Amino acid sequence: MAYSSLFSLSLCFLVLFHGCLAQLEQVTGQSQRQQQQRFQTECRINNLNAQEPGRRIESEAGLSEYWNRNDEQFRCAGVDLVRHTIQRRGLLLPSFSNAPRLVYVVQGRGLHGAAIPGCPETFQSESSSQFRGEQGSQRLSRDQHQKVREIREGDVVAIPAGVAHWIYNDGESQLIVVILYDTSNQANQLDENARRFYLAGNPHQQQEGGRQRRRESWPGSRSRSRSQSPEERERSQQSGSNIFNGFDEEFLADSFNIDNELAMRIQNRDDQRGIIVTVEDELRVLSPQSRGEEQEERGLDRDNGVEETFCTLRLKHNIADPQRADVYNERGGRITSLNSFNLPILRYIQLSAERGVLYRNALVAPHYNLNSHSVIYVIRGNARLQVVGENGQNVFDGEVREGQALTVPQNFAVIKKAGNQGFEWVAFKTNDNAKINALAGRLSTMRALPEDVLINAYRIDREEARRLKYNRDETTLFSSDSSGSPRRRD
């Protein structure tokens, strides 16, 4: 009798277990199908357009320009793109984001600081110190902060999600930076919008006057309804003040051990300067006096796994230096790649970059990205690009010029041909070790295929198959004067 009851009880548990497991598998399957459908919906690319920023927001000491996040190509790649133009002695106020970022310095030079949580303030002054911006004078002072980095044209700076950063222009000309936010990154636990949390300033005052104009500047914006559109959500999240403004003054005073008046000052409620402010005189920070930081870092291009902790990982790397080119053709141009091998922190944020220079009328071999999307920003010059998707569908055939951006989705094939003034670009890629596969040239797919495969695939003779395979001996970059009469190969 006891054995029979035990058997019945075990049988009930078994049936219940299998029922729960089946239900769990059904829910999991539905979730996976919904996830797959979400990606299919976001990447249904039928047509691409070279895009310029859709919104311009002026601050006291600069200009911020935002690309339309809801354009299909940026939704497919899961990215946001912003350009800041910072005037001399302009300070881009500290902020952090729910998405990791790559900052590319298009023009100028300046200082960059990142406040990495849990890391020590390694720049310290005990009594008297040479502060940057004092023109050789010394002043009794004491300060300590995390490392300040000098940045210049061609630098890429990696910022993990949640890390606050700031930028200051200490040069004599404008400092222009382009920032890519990877909102599809696994570090982002919120939604598809890049959310910027400011530690200072009053973005509400900066944007309040131009809200109606911005509503009209983004094509496809909708009127408010019970469910906000992505544009309205973005405007809503950017129309607030800095994060301290939401706290009670007494809480802030207790937290910082300061008086209530100072607590109210850091809330910046009456500040109308925007997110780029003018620094009176010069910004005084602890920084090495020589601009030799780049040379010192050249010997640190490998992750040693012991001494290099998260707090000491390098955040920047220059990809404009011609001596660092990975591909070079004296008549075609050069390409420099940045990935987690030469900047290890990219392994954490799953991003990489590429900078290319094409000489007049030169070509980049038709190729596709194996494991990433590529967001191209045009630095200088112009070029004609063709992008082809699945089923041979041409989704872009046109000119791109300075200041425009274009996304090439994963596995979409692309050809670039420089115009008469040449072509320079930076490409942000959504993988820390992005790879490409060339379709023409010495290391291409065509070279890897047997002649008989080409003969039967294209219904051509053997001589034509050999010309198809061997007429280009260059790799990746093709010069403009090497496409003359076909060469025969015996």
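Mentor: A disulfide is a pair of cysteine sulfur atoms within 2.5 Å. The model is predicted, so local features need pLDDT of at least 70 and side-chain atom pairs pLDDT 80 or more, while totals for chains, interfaces and linings use all residues. Residues are numbered from 1 along each chain as its sequence is written, and side-chain values use heavy atoms, without hydrogens and water.

Trainee: Which cysteine is joined to cysteine 119 by a disulfide?

Mentor: The structure holds two disulfides. Counting bonded cysteines along the protein chain, their pattern is 1-2, 3-4. In the disulfide of cysteine 119, the S to S distance is 2.0 Å, and the partner is cysteine 311.

Trainee: Is the disulfide of cysteine 119 and cysteine 311 right-handed or left-handed, and how many residues apart in sequence are the parts that it ties together?

Mentor: The torsion about the S-S bond of cysteine 119 and cysteine 311 is about -85°, so this disulfide is left-handed. Cysteine 119 lies in the loop between strand S6 (109-115) and strand S7 (123-125), and cysteine 311 in the loop between helix H8 (293-297) and S19. Helices (H or I, at least four residues) and strands (E, at least two) are DSSP runs, numbered from the N terminus. The pair therefore ties together parts whose separation in residues is 192.

Trainee: Is cysteine 119 buried or exposed, and what is the class of cysteine 311?

Mentor: Buried means under 20% relative accessible area, exposed over 50%, and partly exposed in between (1.4 Å probe, protein chains only). Cysteine 119 has a relative accessible area of 9%, so it is buried. At 32% relative accessibility, cysteine 311 counts as partly exposed.

Trainee: What is the handedness of the disulfide of cysteine 43 and cysteine 76?

Mentor: The sulfur atoms of cysteine 43 and cysteine 76 are 2.2 Å apart. Cysteine 43 lies in the loop between helix H1 (2-42) and S1, and cysteine 76 in helix H2 (residues 72-77), so the pair ties together parts 33 residues apart in sequence. Cysteine 43 is partly exposed at 27%, whereas cysteine 76 is buried at 7% relative accessible area. The torsion about their S-S bond is about 95°, so the disulfide is right-handed.

Trainee: Which strands stand at the edges of the open sheet?

Mentor: Seven strands form this open sheet in the order S1-S2-S3-S15-S5-S13-S19, with antiparallel pairing. Each edge strand has a single partner strand, so one side of it is left without a neighbour in the sheet; the edge strands are S1 (55-59) and S19 (316-318).

Trainee: Which residue in S15 is the bridge partner of valine 82?

Mentor: Two strands pair if DSSP finds at least two bridges between them. Strand S3 (residues 79-86) runs antiparallel to strand S15 (residues 175-182), and eight bridges join the two. In S15, valine 82 has as its bridge partner isoleucine 179.

Trainee: How many residues apart are tryptophan 67 and tyrosine 377, which form an aromatic pair?

Mentor: Rings of Phe, Tyr and Trp (its six-membered ring) pair if their centres lie within 6.5 Å; planes under 30 degrees apart count as stacked, over 60 as edge-to-face and the rest as tilted. A search of the whole structure finds four aromatic pairs. Tryptophan 67 and tyrosine 377 are edge-to-face, at 6.1 Å centre to centre with 85° between the planes. Tryptophan 67 is in the loop between strand S2 (62-66) and H2 and tyrosine 377 in S24, and their separation in residues is 310.

Trainee: What is the angle between the planes of phenylalanine 244 and phenylalanine 256?

Mentor: These two residues form an edge-to-face aromatic pair, 5.8 Å centre to centre, and the angle between the planes is 75°. Phenylalanine 244 lies in the loop between helix H5 (230-238) and helix H6 (249-256), and phenylalanine 256 in H6, so the pair ties together parts 12 residues apart in sequence. Phenylalanine 244 is buried, with a relative accessible area of 17%. Between the planes of the pair, then, the angle is 75°.
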